Amino acid sequence: MTELTTPFERYRFWHNQSSLSAIGERLKIWVERKYCLILLQSLPSNKGRSKLKIFEIGPGTGHFAKISTAMGFDYFGVEASRPIANELKSRGLRVENGTF
């Protein structure tokens, strides 16, 4: 097995797994959320967040959308899949169905 030494290598390993156990799937979600949080924490402090707009193409499961909204950023996403867009909207996220 390849040694996974950097955070990026560990993320790519878990992200590319097509078949995971229930524990592996939970760990994958935790890793994705952690990387979203690290990225967002590197942006401006609380008083500047409400003015910072985040636009995401393909929010998928909505981890990044949920975390960025909870941290006070002005988030908007565009999702090509209508069922996924509707699911994210039902969770209170600003997501529209569409393509470019």
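## Lys89 and its salt bridge

In this predicted model, Lys89 counts as partly exposed, at 37% relative accessibility. What does its side chain meet? The side chains of Lys89 and Glu96 come together in a salt bridge, with 3.5 Å from N to O. Glu96 also counts as partly exposed, at 39% relative accessibility.

How many salt bridges does the structure hold? There are 4. One of them joins Arg91 to Glu87, and the closest N and O atoms of that pair are 3.2 Å apart. Arg91 is partly exposed, with a relative accessible area of 47%, and Glu87 is partly exposed as well, at 40%.

Another salt bridge brings together the side chains of Asp74 and Lys53, at 2.9 Å from N to O. This pair links distant parts of the chain: Lys53 sits in strand 1 (residues 53-57), Asp74 sits in strand 2 (residues 74-79), and they are 21 residues apart. Lys53 is exposed, with a relative accessible area of 63%, whereas Asp74 is partly exposed at 22%.

Now for the aromatic rings. A search of the whole structure finds 1 aromatic pair. The rings are those of Phe55 and Phe76, with centres 6.1 Å apart and planes at 10 degrees, so the pair is stacked. Here, too, distant parts of the chain are linked: Phe55 is in strand 1 and Phe76 is in strand 2, 21 residues apart.

## The nonpolar core

Which residues have the most contacts inside the largest nonpolar core? They are Leu40, Ile54, Phe64, Tyr75 and Val95, in a core of 13 residues. The elements that give two or more residues to this core are helix 2 (22-41), helix 4 (63-70) and helix 5 (82-90). Helix 4 provides the largest share, with 3 residues.

Phe64 deserves a look of its own. Leaving aside residues up to four places away in sequence, Phe64 touches Cys36, Leu39, Leu40, Ile54, Glu56 and Tyr75.

Let us check the span of helix 2. Its 20 residues, at 1.5 Å a residue, should span 28 Å, and its end C-alpha atoms are 29 Å apart, which agrees.

Which residues of helix 2 are buried? They are Gly24, Lys28, Val31, Glu32, Cys36 and Leu40. These residues cover an arc of only 165 degrees around the axis, which puts them on the same side of helix 2.

Key:
Residues are numbered from 1 along each chain as its sequence is written. This is a predicted model: local features need pLDDT of at least 70, side-chain atom pairs count only at pLDDT 80 or more; totals for chains, interfaces and linings use all residues. Side-chain values use heavy atoms; hydrogens and water are left out. Helices (H or I, at least four residues) and strands (E, at least two) are DSSP runs, numbered from the N terminus. Buried means under 20% relative accessible area, exposed over 50%, partly exposed in between (1.4 Å probe, protein chains only). A nonpolar core is a set of buried Ala, Val, Leu, Ile, Met, Phe, Trp, Tyr and Cys residues joined through side-chain atoms within 4.5 Å. Contact means heavy atoms within 4.5 Å. The expected span of a helix is 1.5 Å times one less than its number of residues. The arc is that of the directions from the helix axis to the C-beta atoms. Rings of Phe, Tyr and Trp (its six-membered ring) pair if their centres lie within 6.5 Å; planes under 30 degrees apart count as stacked, over 60 as edge-to-face and the rest as tilted.
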